Amino acid sequence: MKLAARVGQLSPSLTLTIDAKAKAMKAEGQDVCNFSVGEPDFPTPDHICKATEAALEAGKTKYGPVAGEPKLRQAIAQKLQKDNNLCYAAENIIVTNGGKHSLYNLMMALINPGDEVIIPAPYWVSYPEMVKLAAGIPVIVQTDDVNQFKITPEQLQQAITPKTRLFVLNSPSNPTGVVYTPDEIRALAQVVVDNDIYVVSDEIYEKLLYDGATHLSIGAVSPEAFDRTIVSSGFAKAYSMTGWRIGYLAGPVDLIKACSTIQGHSTSNVCTFAQYGAIAGLEGPQDCIQEMLSAFAERRQFMLDAINSIPGLSCVKPDGAFYLMPNIQKTGMNSLDFCQALLEEYQVVMVPGIAFGADGFVRISYAADLKTIEKGMERLDKFVRSRI
Ligand code: PLP
């Protein structure tokens, strides 16, 4: 069949493909250590599930407002005010089918054919593809582990042209886990304001911080930065709600209205009763996040020590999310060969850095139990020693 030209430009999500392969190997009975997953290995907190059951019983099973249940939009606006110092009202918020969908809506609403969107690499796999779907041009700015995988204000400035419309900032980052310091955020905000471009701040990992790291939303830097900021986030990572598909976008009212029109003709509202679970997530006790965080912190330290003790590998210590991105260049292998051989010979699953625009690295998720991590690191050690 002759498919639309836009499909030809897209690559399938390598992370989802690899995760599916690992699950299939496990189902065949193989002893797989899967470090490819992008979701917390904890159940959704009970009070969130209970609130959803209550919503079902109360008949919240019909079509709802396209932009989201008013109570949820209000709760998100309050959260952004309280946690992030961002002054939004409910009308500045649209509830979407996950953070992925909020970013997709944004690209469709903001990007004209030929507009440039600056994306620092390593990047989350879907950013460039979404820009392409909107007929925009992804402008990739390479960063590396020497600079903690952070784009500098100078690099951002150099990448800006008259066609630049948007800068994509993701802190804490998937795939590197790094967190920009408040000073670094302020310096990037200055470039955004000086050049009068927009920035989308993908803050989906904002709650997953370690070692006293803090999260500053770029929109909170100044009123001028606020006017140019769009926030994308969701419930998947902080509340372990990946399968619920609830995210949100916050920004200027005209943009949110445009996203709502697009959503009205594509997916309509997000599952009505699920939104009541999200409300309980925001309004209920937050200690569930803390419990998850302390488990992640222990695993992160264990994994980092293990990786950095393997000759030929090195890894920056990131302060957020649940990913590590070790440098594999000394092994002489590219990231695809590395991951393929590791999977075939040792049944350990990692994601090749090439999926994130960083071929000299692999992404390892520590959203796995400690036993699996111990076993996986032993196998990784054997594998790398056999190659160098
Ligand atoms: N942004 C980043 C950086 C992510 O890692 C993810 C998911 O992996 C998302 C957005 C989208 O999350 P979801 O659509 O599950 O809410």
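This is a predicted model: local features need pLDDT of at least 70, side-chain atom pairs count only at pLDDT 80 or more; totals for chains, interfaces and linings use all residues.
Residues are numbered from 1 along each chain as its sequence is written, and side-chain values use heavy atoms, with hydrogens and water left out.

Let's start with the core. A nonpolar core is a set of buried Ala, Val, Leu, Ile, Met, Phe, Trp, Tyr and Cys residues joined through side-chain atoms within 4.5 Å; buried means under 20% relative accessible area, with a 1.4 Å probe and protein chains only. The largest one here has 40 residues, and Leu106, Met107, Leu166 and Ile230 make the most contacts inside it. Helix H5 (99-110) is among the elements giving two or more residues to this core, and its four residues are the largest share. Helices (H or I, at least four residues) are DSSP runs, numbered from the N terminus, as are strands (E, at least two).

What is Leu166 in contact with, beyond its neighbours within four places in sequence? Its partners include Leu106, Met107, Tyr198 and Ile230, where contact means heavy atoms within 4.5 Å. Apart from this core lies another, of 39 residues, including Ala306 and Ile373.

Now the pocket. Its lining has 31 residues, with Leu16, Gly38, Lys100, Trp124 and Lys237 nearest the centre. H2, H5 and strand E7 (229-234) each supply at least two lining residues. By type, the lining splits into twelve nonpolar, twelve polar and seven charged residues.

Conventions
Buried means under 20% relative accessible area, exposed over 50%, partly exposed in between (1.4 Å probe, protein chains only). On a 1 Å grid over the protein atoms alone, a cavity is a set of points where a 1.4 Å probe fits but cannot get out, and a pocket is an open set with protein on both sides within 12 Å along at least five of seven lines; lining residues have an atom within 4 Å of a point. Ala, Val, Leu, Ile, Met, Phe, Trp, Tyr, Cys and Pro count as nonpolar, Asp, Glu, Lys and Arg as charged, and the others, Gly among them, as polar.
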